[in-house]
Amino acid sequence: MSKLNRKEHGRPAAPTRIIHLGIGNFTRAHQAWYTEHAEDADEWGIAGFAGRTTLEPRESPRDDALDAQEGLYQLCIQNPDGDKVEVMSSVSHTYRSHEHEAWTKLFADPKVAIVTSTITEAGYCRDNEGNLDLNDELVKKDIELLKCGDLESPVFTGPGKFIRGLLARRNADAGPITFVPCDNIPENGEMAERIIRQAAEQVDPSLLEWIDQKVGFVTTMVDRITPRATDEDRDRVAEETGIRDEGLVVTEPFAEWVLAGEFKAGRPKWETMGAKFVDDVVPHEMRKLFLLNGSHSLMAYAASILGHETVYDAICDERVRGWVEEWWDNAATQLPLPQKEIQDYRNALIERYKNPRIKHLLAQIANDGTQKLPIRIVPTIQGLIKDGTVATGATRAVAAWVLHLRGIGAPIGDAGADELKPLVSGELDEAVENVCKWLKIDDERIVDAVLEQAEELESLKA
Ligand code: CS2
């Protein structure tokens, strides 16, 4: 069985012009794939940094594999009728999260033009108001260190790393650069800008003026369903290609990328691969966040109570399908888009969910609900109650989440849930009230609907 290497399988590494923080499966299925096939791919290499915010460096077999394979990996696109496997070579180099020196050096390199990130909602270290969380111990630590002008010692948070990079870039007079966050967060460009500016203000206010002149922030909507690859996937693809790859990524055929904003130092021709550059990403973002991610979260909590394990199993159950359609009817009222476009997207989603070859675990989607519910589900509840309507498709997701927090359905994988556990341990009606309060929902009619649905869902437990 052969191993991946650039001489035999890929093209030579392109010069690094993009730094990516959070080089996980999603980026390798999405941004790296768009970059791989862009017309000017030979000019744009990605330096991929692991994004974990931990004090102890953590190694994973995937990181080792990518190092050994010179950044190459196989991308297996799972069409309903079979695999299409490609070797991806746009990641020119991979780094561990603790390779701080390499990070600083790359930021100081004038050739580098773009910083992309997928560090999840939590990685930007925001408080409940969406500002930089100045009470977070790691944020405090990073700020103290950077304040002293120390660009040598490690910093650990996303904002800390970005500021360290920008200080190094300013010191080197290396010119403009653009941040392109690729997380599922509404208006992620503005969000990153706010966080970076707030961090700069703490560390060195004179950096703000330099940021005004030199740093661009682009907002994006990203989409491609990317389940974690399993041993079974790795075995099957090894059989198909003769290459054993611990860094294998599996994904669906569909991909979408919509971007808005100014790239101050150039960018790859991603449009040649289908990326859309628009003036306003917000309607696209809301469409994806509510219809796709919202239905994902609903299924993750509600369908797992019925005993389903994957999105495919869930959507094939008529009862779950009905819940999803009801949620979509609610969410559609809040989208500033033509009904036809919404309906087409709903139809396409059903097809994507019904791809029998995508084993997308509900347990994977259920992670980090404290970050997801407030942006995926709650805005629709709040929007509809203004007209006196209780969005029962949306409240079901909240009801199922309350049960999830009480240990029913998919397991909890959410550091943020620690704060909620004591609030959900008593009687069900108290738990519902507390969770609604936490989600800033105070209308009695909504709280009652959540309780009723929680009781109903509990009775359906597999
Ligand atoms: C999912 C997303 O895990 C989740 O929360 O909803 O990862 C989803 O698969 C992607 O956003 C699809 O683009």
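1. Residues 24 or more positions apart account for 78% of the contacts in the protein with a separation of 6 or more; two residues are in contact if their C-beta atoms, placed from the backbone, lie within 7 Å. The structure is a predicted model, in which local features need pLDDT of at least 70, side-chain atom pairs count only at pLDDT 80 or more, and totals for chains, interfaces and linings use all residues. Residues are numbered from 1 along each chain as its sequence is written.

2. The protein has 21 helices and 12 strands. These elements are DSSP runs numbered from the N terminus, with helices (H or I) of at least four residues and strands (E) of at least two. The radius of gyration is 22 Å, close to the 23 Å that the globule rule gives for 462 residues, so the protein is as compact as a globular protein of that length. The radius is taken over C-alpha atoms, and the globule rule is 2.2 Å times the number of residues to the power 0.38. Along the principal axes, the C-alpha trace spans about 60 × 55 × 45 Å.

3. Of the 462 residues, 48% count as buried. A residue is buried if 20 or more other C-beta atoms lie within 10 Å of its own, exposed if 12 or fewer, and partly exposed in between, with C-beta atoms placed from the backbone.

4. The protein is divided into domain 1 (16-279) and domain 2 (283-460), with bounds that come from an automatic or database domain assignment. The C-alpha centres of domain 1 and domain 2 lie 28 Å apart. Across the boundary, 16 residues of domain 1 are in contact with 18 residues of domain 2. On the side of domain 1 that touches domain 2, the elements giving two or more residues are helix 6 (120-123) and strand 9 (219-223). Helix 6 provides the largest share of that side, 3 residues.

5. The ligand shell deserves attention next. The residues around the ligand are Asn184, Asp223, Arg224, Ile225, Asn293, His296, Gln364, Ile365 and Lys372; a residue is near a molecule if its C-beta atom, placed from the backbone, lies within 6 Å of it. Domain 1 and domain 2 each contribute at least three residues to this shell. Helix 12 (282-305) and helix 16 (362-366) each supply at least two of its residues. The shell divides into 2 nonpolar, 4 polar and 3 charged residues.

6. Strand 7 (residues 177-181) has 5 of its 5 residues buried, so it is largely enclosed by the rest of the structure. In a regular strand the side chains alternate between the two faces of the sheet. Both faces of strand 7 are covered, with Ile177, Phe179 and Pro181 buried on one side and Thr178 and Val180 buried on the other.

7. The partners of strand 7 can be named; two strands pair if DSSP finds at least two bridges between them. Strand 6 (residues 114-117) runs parallel to strand 7 and is joined to it by 4 bridges, with Ser117 opposite Pro181. Strand 8 (residues 215-217) also pairs with strand 7 in the parallel sense, over 3 bridges, and here Ile177 stands opposite Val215.

8. Strand 1 (residues 16-21) has 5 of its 6 residues buried, so this strand is largely enclosed by the rest of the structure. Strand 1 runs parallel to strand 2 (residues 45-49), joined by 5 bridges, and pairs with strand 6 in the parallel sense over 4 bridges. Leu21 stands opposite Phe49 in strand 2 and has Ser117 as its bridge partner in strand 6.

9. An antiparallel pairing is found between strand 3 (residues 73-79) and strand 4 (residues 82-88), over 7 bridges. A hairpin joins strand 3 to strand 4 through 2 residues. Within this pair, the bridge partner of Cys76 is Val85 in strand 4.

10. Asp387 lies in the loop between helix 18 (378-385) and helix 19 (392-405). Asp387 is exposed, with 7 other C-beta atoms within 10 Å. The C-alpha atoms of Asp387 and Thr118 are separated by 36 Å, and the two residues are 269 residues apart along the chain.

Technical notes:
Ala, Val, Leu, Ile, Met, Phe, Trp, Tyr, Cys and Pro count as nonpolar, Asp, Glu, Lys and Arg as charged, and the others, Gly among them, as polar.
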